[in-house]
Structures are given as C-alpha cells and as structure tokens.
Amino acid sequence: MIKRRKLRSQTSQQPSGNSVSPLGTDLKANLQRMNRSMGHSNDLVIREFRIGYVQEDAAIAFIDNLVDKKIIGEFVLRSTMSGTADSESNASERDIDVLDTIKNRILPLGEAAIAKEWNELFAAVLNGDTAIFVNGYAGAIIVSTHGGEHRSVEEPSSEVLIRGPKEGFTESIATNISLVRRRLKTRNLWMDGFKIGNVTQTNVGILYIKGIAGDKTVEEVKRRLASIETDGVLESGIVEEFIRDHPFSLFPTMYNTERPDSVAAGLLEGRVAILIDGTPFVLLAPTTFFMFFQSPEDHYHNFQFAIFIRTLRFVAFLISLLGPSIYVAAISFHQEMIPTSLLLSLAAQREGVPFPALIEAFLMEASFEILREAGVRMPRAIGQAVSIVGAIVLGQAAVQAGIVSSAMVIVVSLTGIASFTMPAYNMGISIRMLRFMLMISAGLFGFFGIALGGLIITAHLCSIRSFGIPFMAPFAPFIAADQKDTLLRLPRWFLNTRPRLISQENTTRMNGSKPAPPGDAAEEGSPDEN
Amino acid sequence: MRTRSAISLMLIGLLLIPLTGCWNSRELRDLSIIGAIGIDKLPDKPGYKVSFQIINPSAVTTTGTGGGGGQSGIPVTVYTGNGRSIFEVIRKTSGLSPRQLFFSHIRLIVIGETLAREDLSNLFDFFERSHEIRLTTKLVVSRGSSAEQLLQVLTPLERIPSDAIYGKLESTKSIWSESMITGVDDVINRLIGPGKQLLISGVRILGDQDKGGEKANLDKTKLPAEIEIKGIALFKNGRLETWLDGGKARGALRIQDKMNSSVVTVPCKDRDDPAAIAAIEITRSRTKVKATVVDGEPAFRVYVREEGNVGEVSCAVDLSKKEAIEELEQRWRSKTKQEIREAIEAAQSRSSDVYGFGEVLNRSYPRTWKKLEDRWSEVFADCEIEVQVESFIRRSGMRTKPYIKE
Amino acid sequence: MLKEKINARQLFSLIVLFELGTALVLPIGFVSHRDVWLSILLALIGGILLFLIYDQIVRQYPESTFVGSIRQIMGTYAGSLIGFLYLGFFIHNDARVLRETGELLVTSAYDMTPLFVICAFFMLTVVYVVSKGVEVLARTGEIYLLHVLILGGGGTILILFSGIVHVENLLPVMEDGAGKVLESAYRYILMFPFGEMICFAAILPSLNRTSSGRKAGILALIASGTILSAAHAIEVSVLGANIYGRSTFPLFLAVSKVNIMDFIQRMDGLVILTLIITSFFKCAINCYAAITVAADLFRVREPMKLAMPVGLVVLFNSMMTSNDWPEFALKGKEVIMGILLPVYSVAIPVGLLAVHWIRRSIGSKTL
C-alpha cells in the first residue's frame, strides 16, 4: 500500500514541476523557459517575428504535427504580421490590452483565449494549440489550431452491419462528438468535459440528453469520473475499469461501441455516453445484460427477422456457454440419455482416443482459443492462413490420428462459431472464460454440476447492478413493458416506451401511430406527419 | 465483506474438488453397451442363465475411425452366466467382459420358452428397480429355442440383432397385426392389475439354430438361420399356457383395440373354390368392450367397427356394384367375428383373462367387481361374451372390375 | 443498510417454485394413488386457508419480522421460545429437503457418488445464493420460474405427443370411496407441500407492499396446486396407479417412457434438471427463513453472515437425520407429516392468531 501511494505521489508531482507560476513579461525568458521545460524537444517550433500594428517583438510556439500549419500561416502569422501601427490607439491604451486587442480585433479565428499561467499554456500547446507571446506582456494568446494527421471516419471494424450507417467513431473526440450531434439535433443533448490522467490529460466527455437520462445516473457518472486518479488513460477500457460496478465480476457491466448510431440509440433510451479522446470505443452506461445480445441492425431490418435473429443469437449464446460441458456431461455421466444409434457412433469414434472426455474437451477448447488468439494477433494476411491451417489441417489430422474424436471437433467448432454471433465482443470474452468453469463442473458432476453452475451464474447476474440498474432487467425484476424490445423486437410503433428503469422520468417515446397505406391515412389524418 | 465471503466459498469449493474423484464418470470406451438380455432357466437347479448381447460399436457404425475392425468385425458378442438372481449374474460376468456392462440401452429382453412355461411372475423386480433399465424395454418369448441361442443369431441389413428384432416387431405390428409389443411396464401393470394376464409376442429361429451365430450367416442371400416374429404367448398366472397364431393372434389384438392394419383373405364367392379369394386390407379398426351385469352375472359385448380396401381379387366379381361389395363385407364380417371368437375361446378355455375384461367391469361396475374379484378366473371362463362387427369396404384400388373373366 | 424488498410478482415465483420443489417429483398423498390429483385440489383449499393465517399474522405487525410478530403477540420470552422452536423446525425441514434431493439424485443417476458430496455441493450453491440476500434470491426465482415453465411445458408436450397417456388409468374415480381421498388430502398433502409454506411467514415481511402478498400468494397457490394436480394425474395415467404408488421417483419414470420417432427419447434429464432447480429454491427459501429467524433471535446485524453457519448445520443435520431411505421416508410420513408439520404449520399459527385476537378484544374492552 505504502509503496503504491508513494508512486502515485511521484507521478503526480512529475508533470507539475513548474507548478502554478505566471508567465513573465520578457519574451526571451519566456521562450527559453518553454524550451527548457520541454527538454528542447525538436518538435517544439518557436518562430519569432514582429507584430505589425504595435511593432513589438513577438513569437509563436506550437508543436509540430499537432497543428494545422495552414491555419498558422494564413490566419495567425499573416494577420498579426501584416497590420500597421494603428493611428487611433495611443500608447497607454496599448500597454494595457495589446493581447486583448490582438485577440479581439486581429485574429480571424474562432477560438482564442489568453493564458496567464504556464500550466495552462502547456496544456493548450500540447493539445495542438498555438501560443502567441508578445514581448513585454505577461501572458500569451492561445489560438486553436488543432490539426495534423487523423484517421478519417471509416466503417467500424469491430461491429459490422449489413444494413445501417457505415460511419464509425475515430480516435478524435471532436469528430466523435460531431458524429453524435449530427444524429441528435436537439439542444437537450448536453455535454460535460473532464481531463483525466495526470500525465496524459486525456479529454473525456460525457453526453446525455437532458430530460431523458436520469439525473441521478448523470450525477453518478460524473462523480465516478471525477474520482479517477491515474497517470494515464489510453483507451476507454481503462476508464471502464475505474468506474464500472463489480470490477471482480466476469461480466462486463458497461457497454462499448464503435458506432455513432448505437450511441444515439442509447442516448435516446436515456443512457449516458462516455467519449474518450484517442479511442474509437465509446462507453454507454447504465448497461443491462440483454444489451449485449442486441445489434443496432435489429432495428433496421424488419421485425420478424429481428425476432428470428435475436432468438437465434440467444440459442447461440447458450450453445457457446454450455456446448462442451453438456457434451462432456452426456458422454461421461449420462450415456443413457443419448439415443442408442448416436451413442454407438460416438463410442466407435472414441474407441482409440486416449484421453478422458473432459481432458479431450479441455485440450480442444484450449487449442481453439490459441488459434483464435493467434488469428487476431497475426498480420491480417497471415492470420487467415493460420486459422485455416489450424482449424482444418490440425483438426483433420488429430481426428485421423485418433487423438481426438471427430464429435469433439464438431462440438468445439460449433461452440466457437456460436460465440462469434455475439454482437458485443466483451460479452463473448466472459462466456469463453465461464465455459471452462462449466466444463470443470460438468466433468465432476455431470448435469448436476451444470445445473449448479447455472444457478450460481444466474444468481450472480441477478445480484450485480450497473449504475444502479439491475443487470438482468427487464427479466429480473420482470418488466412487462420492456419485453417489447429485449428478446423480442416488436414493430416500431409498439416501441413507444423507453426502458423503464433507465429513463425513470420520461418514458414515453411517442404516441404509437401505426403507419397505414395512403388511402387509410387520409381518413385517419395522416399519421406519417409525426 | 461480500467479496471475502465469496472468496471463502470459492476456496471451500476448490478444496472439495479433489475429494470428488470421478465417481459417476465413466468413459464410453469403458462401457459395454448391451443391446439385449436373454433369460433362460437352468435345467436342473433353481436360478437363471442370463445372456448379454453386447454391441461392438466400431463394427456397427460406418464411420468408426479409431481402432476396431471397421465394418468387418462381428457386430455383437454374447456372454452368458449363471446365478440365482439376475443382478448377481450381471456382476459375475465381469470376469468375461473386458468392460463394464451398461444396461441403459437395452432394447429387448428375451425369455426362453422353458422358463416361460415354468413361471416368470417374479422375474421383473430387477428391471423395475434398476435405474439403468428403462420401463420401455420390450419383452419377447423365444419360441422353440433358448434365449441364448436366439441372441446369437446375426442379422443382415440391421447389423445389431436386437435392433433387427425390434424393427421386425414394429413393422409386423403396424402392417400385419399378429404380434404386439410389450414393455416391462406393461408386464408389471398386467401382472398386478385386476384380472389381467400376460400376452407376449413370440420370436423364433427359422433354419439351423447352430449356424446363426457364425459370421457365415451373413454371407448368404438366403440365410441359414433367420429370426421371425411368430405368434403371441398366452400366460396364466405367469405361466405360458398356449400360443396364439394367425387368426387367433389377430383376434387377440382386435379385442384389445390394438389392430393397426392387416390383410384378410375371404372367399370370393359362395362356392368353395379355394383359389377364388379376395384380399382385404384393413385400414382402420376400432374396438369397444362394454360390460353389463344381469342378476349379478357379468356379460360383455365386443363391438368392432372396421374399414378396409379391396387389395386383390382372384375371381370375376364386379366391384363397381354395390351388391358385390356388400357381399364381401358380409364375408369379411363373419371372418372377423370368427377370429375374435377363437381368441376369446382360447382365453376362456384356460380361464385366463388376458384381454382385460375384468378391468372393463371394474371401471363400470366397481361393486360387482369387488364381489367377483377373488374368483374372477372362474367367472371369466363362463362369461357370456357377445361379438358385434361392422365392416365397411371403402375403396377397391385402381380398378373396379378385375381382368379375370368367368 | 438498505432494507431489501421483493415485489408481489417475485413472491409469486418463489411460492410456485417452492411448492413444486420435490412435491412435483415425489409420490404424494400415499393413500389415494389413483385419485391423487383430486386430493391435491381438495388440499389446495386448506392450503390457501393456511396461507391466509400466516398472512394475517404477518399483517398485524407490518413493521416487524416473523419473530418480531410472535414476540409482540406472546411477549418477549415466550415469543423467543417459539422463535427457537421455529428455528429448529426450519433447519430440520431444510435438511430434509436437502436429503430428499440428494437421495433422489443418487438413486436416479449418481449411484456411485457419495450422498454427502452431492448434498455438500448443493448446499454450497444454496449458501452462495442465499448469502446475496432475498432480493437476489427472488430475482433468480423469477428467471428460473420461466425455465421451469418451459421445461414443464416441453415435457408435457413430449408426453402427450408420444401417446403414452392412458386416461383410463385414472378410472374409476374414487374406487375406495371419498374417505381415502380426503384422508390423503388433509392428512398428507395439506401438510406436504402446503403446510411447509410456514417458512414464507419469514419472507412475507420483506414484501415492498405487505398488502400485495395475499393476492400473490393465493394466485401462486392456485397455480402450483393446479400444476401439481395435472402433473400427478399425467404421471398416474402414464404409469398406472400401481407403479406410481410403488416408485420413489414417478415423474422420472413417466418421462423416461417418452419416445417420439425413436429419436426424441430418454428425456429424463429434463426431470433431473427440474428436480434440481425446484428443490434448490425450496432449500434456499427454507434456509433463508432459518437465517432470518436466527438473526432475529441472536440479534445479528447482518443476517447474511449467518448463511454459512446455518448452511453447515443444515448439511450435517441432513446427514444425521436418518440412516437410510426407508427410514427417512417413514419418518417423513409419520413424524414430520404426523406431528411436526401439524404442530408448526397449523397449531402454532392458529394459536398465535387466536391469542392475538383475544388480547386485542380484551384490550379494546378494558380501554
């Protein structure tokens, strides 16, 4: 404990070596200090020049590659250099607010501010802004010149849809916010900003729709974000681990997505989105278990198909959780339950297999996980080859050599494929780990073990909450109104309420209006209008 | 606090795991899957001779990749042991079988005829008590040979003999209806039920009994030894009394409303020409048994309503005419009546109420039944049983008139 | 600490699961084999009356727990004494449920596994779930009620489709007269499973609205009574009254007869699963009742800390309660259903309510 505390105090001191200290008036001294503070880094660019209208020495400082040089050239340098001494202004006036004047009258840029203090200045410059120093004035104008290389908006790679918007979040929080704002054009979409990480100073924003999201939830998210104390935040997973409920639970209690439409849908349901600069993954809270079974696409296809697909997904979930353990239990405990002809063919396959069923299942599952991990880590071109070699060649060879039974290969690959149907990757992770535990209990007690394991998992799921919302809602506690969009997906005009627990105050979405063909619509007063 | 208790619970669980060993876990390759059991009487001393037909999985499945001889091996092996109780023999034969005997997949229990003629009412406790053996396991009586011999016969097409016998039982039951399928639960319910006695189908070996167990049996188109479902054994108090064959067996099924489908041949015309016949396919047959009590004496009425099609005619008869059809119906009716009568006589003459008339009486006249229950066998032997049959021929196939001319 | 509350719907689920636990799979009623379904329906009326009595007792003192109510009626000392009696009773009853489940599992599938191990792991799971509190138990119950209904519905469809139901096995109705039916209803079935509902007296105070308990309870009793009656009627009509009456595990036998197209067969796994789930809840609810009573008696601030000790006592009690299954079954029939249940689930509650009313009427007269 002591060690850790010490470490933390060290890290917190490090960046604030030049703690709260105001800027000096001397240009040379300021520039020198700046250079020294940043260890004469090569990418710190300082350019001295003379301001046109006051004829004072000045300099701009920025970090190369973080800024848009075109903006600096066009709007910062040209406008400040080109002016001539203004006849109207007298010297005394100039003394007081030359910085203000430059900011207010000369710089044709949207964002500009005056920093009086070094920390503020560094934060801005390191964020891609440009600082303008003027000799004789204790302060610097900060102009926003963010730029540099960014990945453009592309199709999200981790959540692929057939039908639906092809935009995905990028690493830039500004872009990400704009993607959400473009979808929700309401003044009630409110945003709060945080800087998290003593070193990284990462921009973190929370987005919510005022009046739909529960105030308590918003407060709770803010409180938890504010209490994070760490040196760095590099990805939303780090924030998630700090603020999620039940950090020891295997189940993810926060949802993450790369899709602006998912976030917009979540916000409309009353959830809070947490955007973190530097990652395309946005967090949504509160989260319930069944969110992980839903894909935004369910709402874009027709509802019959959505119901079918959701049912299928749930079946796949059960297969991927229970598949190997049921197989192990059936062939090593409950042989009487297998139909005779199937049992005979299983027995024939297992004649030469040297391992007990449980060990065989473990080996196969473990090698499948290795293959999967290798396939993810390998360069994309090789990755495919690895998985094909692994899955087909290895499996085939193992079966032919009589080391594993072909039924086991079928079970394991079915389980693997079923686990890919989860729209959310992180739920897949917990299933993969629980699968091994259930396999052990099945190997010890057969179906009895599986049943007990299932009871424990269910009780655990029922006991956890996410930001105050029971994780298993709307099944436990059972909420009839929310069943419309959980495992089922009723037609759009039935979905007239928001999840009741999440958006407690404002639950009505619309006055259900069923679309009708034009003829009827005329009689009913055209429901399409709303 | 919560996490600590959870962790301690998990620790306790982990500590308990090594205790478990693998008590009930059995690997498939350590099991001998038994397809059928045969039970015979020991010739001179009390006790049973029990035979187990063990299936060799790699010889019966087409895709066996691991070890074994593939398709070439013999599909089953038969082990036999003697002992006072069946359970004892099962454990005793562990000296013969390299793997543990596994009973959950038994299809068939074969009872030797000599044992059946003695007494089998106390035989079934093991089958009921064991949790491995299912109540739905079927029973047959091996007719004219020992159960052991019957289990040794290899069968073509269906490589597992017990499955072959079961398949034959199923198909003959559904299209010929001269045999019935009896499960262990049926037997028990019949043995203890009011006035019900046993009926069990018979199975016999056609041909050379000793050759059935050789692999050569499968190498010929005409098998030296074949298994045939034949007749129904009629029991009285657990003792095989007689065999019902042919029409009698069919009559026995009709009384119990178990007739599915069959073919009846009736004379075509009045004259006694044995070659002039019409074959009628029974497509539907329903039987109701009603009890009446007159002066404390029970009487029964058996109603049969059957429908059928003409399937084959070997004389010149114009089936497009209503009269011809009615005449055939008439003959069919009397034939059915005769079959049922014969079946009833067979039971009454041995005063064994195999068809469950007593239960019918109990259901509608419980009080009379209470009075007669103790001497039901004698009462049943003298009961009046009336048979009423309604027969309808619905169709005559793709032709009306046969090509045969007078 | 936030007081945990459950709602009426969750109470409903818990009662249904509780009633179905073991009573669904065991032969009940003993003396009216063929008419057991009728006996269950008759006993249901008495069961509802009993539940109303428990509800009345709890309702008199909505702010206090079960033991609290007893103390207020009988005074602190006598009340605590009765509380101790109930603690013992709940623990013993829980031990019996545990033992029963273990025995059934051992006879039906786990013949080589020691009974103690089965019971220990079962109880460990119960303790884990119960230690998370009644709210979690109730929510888990809600989810598993769905499972059980799906399993039950599926099983019924399978049984009906495989054509093994012979309704004539249920005839004649009341062969031995109405006496046997009534005897079985009121001597046995009213006690087991309906009399065991007494442990809900310890759960009713956790309802978020005390008044909603009555309706939910009655509905749950009607639902579970109907399900039990139908299930046992199906069991009898599949097996015949004789086999039904002689078997230790009739539902298992009935389902094992299912055979559709030679492929859908041997569905007994479903029954074992139903057995495990329903008796799990029965065991957990009894355990929870014992814990709350114990917490009240010993003034333990955090009741759930008692989960482990109570669970251990239950486990060892279940091992010591009898040496073998016949002894256990006989004890159940004669001691538990003959003496303990009538005393604890009928006599004492009725007495408590009577004392309460007498005291209140005296009180109001003197005032």
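Two residues are in contact when heavy atoms of theirs come within 4.5 Å of each other. Keep in mind as you click around that this model is predicted.

**Stop 1: a residue in chain C**

Select Asn93(C). You'll find Asn93(C) in helix H4 of chain C, which covers residues 76-108. Is Asn93(C) buried or exposed? Its relative accessible area is 4%, and because the cut-off for buried is under 20%, Asn93(C) counts as buried. Now show what surrounds Asn93(C). Setting aside residues up to four places away in sequence, Asn93(C) touches Glu196(C) and Asn286(C).

**Stop 2: a loop in chain A**

Next, go to Glu235(A). This one sits in the loop between helix H7 (215-226) and helix H8 (236-243) of chain A. With a relative accessible area of 27%, Glu235(A) is partly exposed. Which residues does Glu235(A) contact, leaving aside neighbours within four places in sequence? Select Thr279(A) and Phe281(A) and you have them. Zoom in on Thr279(A): its side chain and that of Glu235(A) are joined by a polar contact of 2.6 Å. While you're here, try the distance tool on Glu235(A) and Asp277(A). Those two are 42 residues apart in sequence, and their C-alpha atoms are 8.0 Å apart in space.

**Stop 3: salt bridges inside chain A**

Stay in chain A and pick Lys222(A) together with Asp192(A). They form a salt bridge, with the closest N and O atoms 2.9 Å apart. Why does this pair tie together separate parts of the chain? Lys222(A) lies in helix H7 and Asp192(A) lies in strand S6 (residues 189-196), so the bridge links parts that are 30 residues apart in sequence. Asp192(A) itself is partly exposed, at 24% relative accessible area.

Now hop over to Asp57(A) and Arg50(A). Here too you'll see a salt bridge, with 3.1 Å between the closest N and O atoms. Asp57(A) is partly exposed at 36% relative accessibility, and Arg50(A) is partly exposed at 43%.

**Stop 4: chain B on its own**

Hide everything but chain B and switch to the cartoon view. Of the 406 residues in chain B, 51% are buried. Among contacts in chain B between residues at least 6 apart in sequence, 72% join residues at least 24 apart.

Select helix H5 of chain B (residues 125-129). Arg129(B) and Asp125(B) both lie in this helix, four residues apart, or about one turn. Their side chains meet in a salt bridge of 2.8 Å, N to O. Arg129(B) is exposed, with 64% relative accessible area, whereas Asp125(B) is partly exposed at 39%.

Then select Glu178(B), Arg250(B), Arg254(B), Glu306(B) and Glu339(B) all at once. These residues are linked in a network of salt bridges. Over all chains, the structure holds 55 salt bridges.

**Stop 5: where chain B meets chain A**

Bring chain A back. Here 27 residues of chain B are in contact with 26 residues of chain A. The two chains bury about 2,300 Å² between them, 62% of it on carbon and sulfur atoms. In chain B, highlight Leu28(B), Arg29(B) and His105(B): these lose the most area to chain A, together 28% of what that side buries. There are two salt bridges between these chains. Look at Arg350(A) and Glu27(B), which form a salt bridge with their closest N and O atoms 2.9 Å apart.

**Stop 6: where chain A meets chain C**

Last stop: show chain C again. In this interface, 28 residues of chain A are in contact with 31 residues of chain C. About 2,600 Å² is buried between them, and carbon and sulfur atoms give 72% of that. On the chain A side, select Phe445(A), Phe448(A) and Leu455(A), which lose the most area to chain C. Chains A and C share one salt bridge: find Arg465(A) and Glu135(C), whose closest N and O atoms are 3.4 Å apart. Finish by colouring helix H16 of chain A (residues 447-463), which gives the most to the side touching chain C, with 12 residues.

Definitions and conventions:
Residues numbered from 1 in each chain as written. Chains lettered and ligands numbered in written order. Predicted model: local features only at pLDDT ≥ 70, side-chain atom pairs only at ≥ 80, totals over all residues. Heavy atoms only, no water. Buried area = accessible area lost by both parts, 1.4 Å probe. Salt bridge = Lys/Arg side-chain N within 4 Å of Asp/Glu carboxyl O. Helix = DSSP H or I, 4+ residues; strand = E, 2+ residues; numbered from the N terminus. Buried < 20%, exposed > 50% of the residue type's maximum accessible area, 1.4 Å probe, protein only. Polar contact = N/O pair within 3.5 Å; in protein donor to acceptor, adjacent residues only side chain to side chain.
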